[in-house]
Amino acid sequence: MNEITIVGNVTADPILRMSGNGRGVIRFDVAVNRRRFNRDTNTYDDLPPVFHRVVAFGPVAQNAADTLRKGLEVVVVGQMADDSYETEQGEKRRQIVLEAQVIAPSLRFAKANVIRVQRDQIAPEPDN
């Protein structure tokens with residue numbers, strides 16, 4: 001499957017949750033602002049933003065929870081995944097998410113102080 005890269009702003013402070021097997025999971029939305037060049041007026045027109053649901057697991061989720069805040073511009077690289085589910089009432093809900101392998105703050109409007117995490121400080125991934 002092809003990797004997708006998006007650049008946009010985090011819409012709310014992400015919250016880290018732990019799955020039943022102790023693996024970190026983070027979900028957050030990214031708003032991607034769009035512009036289109038208008039040849040008639042020789043200007044750019046703002047288009048409505050597109051919102052993407054992002055999910056990450058394990059060390060990426062843990063590091064993202066410590067780093068990301070509402071309004072921060074981020075770069076996310078990952079693959080689209082089907083995260084559909086069925087409600088307790090039996091209704092099927094379809095949801096497509098961007099499953100992130102890489103999440104990074106954009107340095108376009110911010111500075112970053114990178115703190116390298118030792119691999120032995122990262123909680124090991126449970127066996128599946």
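Trainee: What makes Asn63, Thr67, Val114, Ile115 and Val117 stand out in the lining of the largest pocket?

Mentor: Of the 22 residues that line the largest pocket in this predicted model, these five lie nearest its centre. A residue counts as lining when it has an atom within 4 Å of a pocket point, and a pocket is an open set of points on a 1 Å grid over the protein atoms alone, where a 1.4 Å probe fits, with protein on both sides within 12 Å along at least five of seven lines.

Trainee: How many residues of that lining are nonpolar, polar and charged?

Mentor: The lining of the largest pocket divides into 14 nonpolar, four polar and four charged residues. Ala, Val, Leu, Ile, Met, Phe, Trp, Tyr, Cys and Pro count as nonpolar, Asp, Glu, Lys and Arg as charged, and the others, Gly among them, as polar.

Trainee: Which element gives the most to the lining of the second largest pocket?

Mentor: Strand E3 does, with five residues; a strand is a DSSP run (E, at least two residues), numbered from the N terminus. The residues lining the second largest pocket include Val25, Ile26, Arg27, Phe28 and Asp29, and the lining as a whole has six nonpolar, one polar and four charged residues.

Trainee: What is the average pLDDT of the chain?

Mentor: The average is 90, and 91% of the residues score at least 70, on a scale of predictor's confidence in each residue from 0 to 100. Residues are numbered from 1 along each chain as its sequence is written. Local features need pLDDT of at least 70 and side-chain atom pairs count only at pLDDT 80 or more, whereas totals for chains, interfaces and linings use all residues, and side-chain values use heavy atoms, with hydrogens and water left out.

Methods. Helix = DSSP H or I, 4+ residues; strand = E, 2+ residues; numbered from the N terminus.
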